[in-house]
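Colleague: I am new to this one. Could you show it to me before I ask about it?

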Amino acid sequence: AGMTRVSFGLESGSQQMLRRMAKNCTVERNEAFARDARATGISVRATMILGYPGEMAADLDLSTRFLERNHDCLDRINLCRFKPVPGTRFERMYRKHPERYPDIRIFRWDHGTARASYVTDINDDRRYRSAARRLLLAVHAINRKPLGDHAAQFDGLM
């Protein structure tokens, strides 16, 4: 049909984190999706979140292993730091049960700019920082691969 590139919200290689994010998918299905798309010649771009509340070093290790296993199926990874955005499911959950998120403290929700000012304790964990570095290396290994002509025209576009 002419489709040459697809972007999808991978977000994490940890099933526990996918459940926490209410993604309603599995790591195995995401892996099959990437393999199937690549097999049909479709370039695959995925988004991932770093620092989602409750994420631990072990979750980052699982994400790194996912990227390493699927290196040949993924053309680009857009890795973003978690941002608490007003109006999202996360805001509703945080307002109802802030005790479920002991690693993050929201100071102010700004609905006008769709941002929240917050601090997180996750960067205080040396093991987490080390796991994040390994994840960044895996992302970089994918992102430095040359794109085929059919995908290059979409590079940088969502």
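Colleague: Leaving aside its neighbours within four places in sequence, which residues is Val44 in contact with?

Modeller: Please note that this is a predicted model. With those neighbours within four places left aside, Val44 is in contact with Val6, Phe8, Ala34, Ala37, Arg38, Cys73, Leu74, Asp75 and Arg76. Val44 itself is placed in strand S2.

Colleague: Is Val44 buried or exposed?

Modeller: Val44 counts as buried because its relative accessibility is 0%, and the cut-off for buried is under 20%.

Colleague: Which members of the largest nonpolar core touch the most other members?

Modeller: They are Leu10, Leu60, Leu67, Leu74, Ile77 and Leu135, out of 27 residues in that core. Two or more residues come from each of strand S1 (5-11), helix H2 (27-39), strand S2 (43-50), helix H3 (57-69) and helix H5 (126-143).

Colleague: Which element gives the most to this core?

Modeller: That is H5, with seven residues.

Colleague: And what is Leu135 in contact with?

Modeller: Beyond its neighbours within four places in sequence, Leu135 is in contact with Met48, Leu50, Leu60, Ser63, Thr64, Leu67 and Leu79. Another core lies apart from the largest one; it has twelve residues, including Met17, Met93, Tyr101 and Ala116.

Colleague: Let us turn to H2. How many residues does H2 have, and what does it reach from end to end?

Modeller: H2 has 13 residues, and its first and last C-alpha atoms are 18 Å apart, close to the 18 Å expected at 1.5 Å a residue. Just after H2, Gly41 takes a positive phi of about 90 degrees.

Colleague: Which residues of H2 are buried, and what do they pack against?

Modeller: Val27, Asn30, Glu31, Ala32, Ala34 and Ala37 are buried in H2. The buried residues of this helix pack against S1, helix H1 (15-20), S2 and H3.

Colleague: What about Glu28: buried or exposed?

Modeller: Glu28 also lies in helix H2. Glu28 counts as exposed because its relative accessible area is 55%, and the cut-off for exposed is over 50%. Between the C-alpha atoms of Glu28 and Gln15 the separation is 9.0 Å, and the two residues are 13 apart along the chain.

Colleague: New topic: how much space lies in the largest pocket, and which residues lie nearest its centre?

Modeller: The largest pocket holds about 300 Å³ of space. Its lining has 15 residues, and Ile49, Tyr52, Phe82, Lys83 and Val85 lie nearest the centre. S2, strand S3 (76-81) and helix H4 (89-96) each give two or more residues to this lining, and S2 gives the most, with three residues.

Colleague: How does that lining divide by class?

Modeller: The lining of the largest pocket has eight nonpolar, two polar and five charged residues.

Colleague: How many cavities of 30 Å³ or more are there?

Modeller: The count comes to one cavity of 30 Å³ or more. The largest cavity has a volume of about 60 Å³.

Colleague: Which residues line the largest cavity?

Modeller: The lining consists of Leu50, Gly51, Tyr52, Pro53, Arg81, Phe82, Asp103, Ile104, Tyr118 and Thr120. By class, the residues lining the largest cavity are six nonpolar, two polar and two charged.

Conventions. Residues are numbered from 1 along each chain as its sequence is written. This is a predicted model: local features need pLDDT of at least 70, side-chain atom pairs count only at pLDDT 80 or more; totals for chains, interfaces and linings use all residues. Side-chain values use heavy atoms; hydrogens and water are left out. On a 1 Å grid over the protein atoms alone, a cavity is a set of points where a 1.4 Å probe fits but cannot get out, and a pocket is an open set with protein on both sides within 12 Å along at least five of seven lines; lining residues have an atom within 4 Å of a point. Grid points are joined across faces, edges and corners, and a volume is the space filled by probe spheres set on the points. Ala, Val, Leu, Ile, Met, Phe, Trp, Tyr, Cys and Pro count as nonpolar, Asp, Glu, Lys and Arg as charged, and the others, Gly among them, as polar. A nonpolar core is a set of buried Ala, Val, Leu, Ile, Met, Phe, Trp, Tyr and Cys residues joined through side-chain atoms within 4.5 Å. Buried means under 20% relative accessible area, exposed over 50%, partly exposed in between (1.4 Å probe, protein chains only). Helices (H or I, at least four residues) and strands (E, at least two) are DSSP runs, numbered from the N terminus. Contact means heavy atoms within 4.5 Å. The expected span of a helix is 1.5 Å times one less than its number of residues.
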